[in-house]
Amino acid sequence: FRVEKAGIVDDGMGKVSFCEEQMAENVKAFVDAINKAKASGAKGTYLKGAAISSTMGVGVKLDIAALVG
């Protein structure tokens, strides 16, 4: 994944041919990787929001509690 200066993280999650289960598995693995990359000294809420979209499409917000928990 790639982190921008403002703290925004970009990553490719899958392809159009992926089924819903494959996309969900990729999103969960991505969130786990982000949480593992968290610096030990980081305090407070680390993951504040998440959205998924196609390359030029409208973003759909994801439920953070369901992703982290």
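This is a short tour of the structure, one selection at a time.

**The whole chain**

Start with everything shown. The model is predicted. The chain has 69 residues, and buried residues make up 10% of them. Colour by secondary structure next. You will find two helices and four strands. Followed along the sequence, the pattern reads β-β-α-β-β-α. Turn the model to view the C-alpha trace along its principal axes. The trace spans about 40 × 25 × 20 Å.

**The largest pocket**

Now show the surface. The largest pocket has a volume of about 1000 Å³. Which residues lie closest to its centre? Select Val9, Asp11, Met13, Phe30 and Ala51; of the 31 residues in the lining, these are the closest to the centre.

Next, colour the lining by residue class. It divides into 20 nonpolar, eight polar and three charged residues.

Then pick out the elements that build the lining. Select strand S2 (9-10), helix H1 (20-36) and strand S3 (51-52); each supplies at least two lining residues. Which element gives the largest share? It is H1, with five residues.

**Val9**

Stay with Val9, one of the residues closest to the pocket centre. Val9 sits in strand S2. Is Val9 buried, partly exposed or exposed? Val9 is partly exposed, because its relative accessible area is 30% and the partly exposed class runs between under 20% for buried and over 50% for exposed.

Together with Val9 they make a nonpolar surface patch of about 260 Å².

Now draw a distance from Val9 to Ile34, C-alpha to C-alpha. How far apart are these two atoms? The separation is 8.9 Å, although the residues are 25 apart along the chain.

**Val16**

Val16 is in the loop between S2 and H1. Val16 counts as exposed, because its relative accessibility is 85% and the cut-off for exposed is over 50%.

**Ala42**

Go on to Ala42. Where does Ala42 sit? Ala42 lies in the loop between H1 and S3. Ala42 counts as partly exposed, because its relative accessibility is 26% and buried would need under 20%.

**Last view**

Finish by bringing back the pocket lining, with H1 highlighted as the source of its largest share.

Terms used:
Residues are numbered from 1 along each chain as its sequence is written. This is a predicted model: local features need pLDDT of at least 70, side-chain atom pairs count only at pLDDT 80 or more; totals for chains, interfaces and linings use all residues. Side-chain values use heavy atoms; hydrogens and water are left out. On a 1 Å grid over the protein atoms alone, a cavity is a set of points where a 1.4 Å probe fits but cannot get out, and a pocket is an open set with protein on both sides within 12 Å along at least five of seven lines; lining residues have an atom within 4 Å of a point. Grid points are joined across faces, edges and corners, and a volume is the space filled by probe spheres set on the points. Ala, Val, Leu, Ile, Met, Phe, Trp, Tyr, Cys and Pro count as nonpolar, Asp, Glu, Lys and Arg as charged, and the others, Gly among them, as polar. Patches are made of residues with over 30% relative accessible area and no salt bridge: like charges are joined within 9 Å, nonpolar side chains (Val, Leu, Ile, Met, Phe, Trp, Tyr) within 5 Å. Accessible areas come from the Shrake-Rupley method with a 1.4 Å probe; for residues, only the protein chains shown count as cover. A salt bridge is a side-chain nitrogen of Lys or Arg within 4 Å of a carboxyl oxygen of Asp or Glu. Buried means under 20% relative accessible area, exposed over 50%, partly exposed in between (1.4 Å probe, protein chains only).
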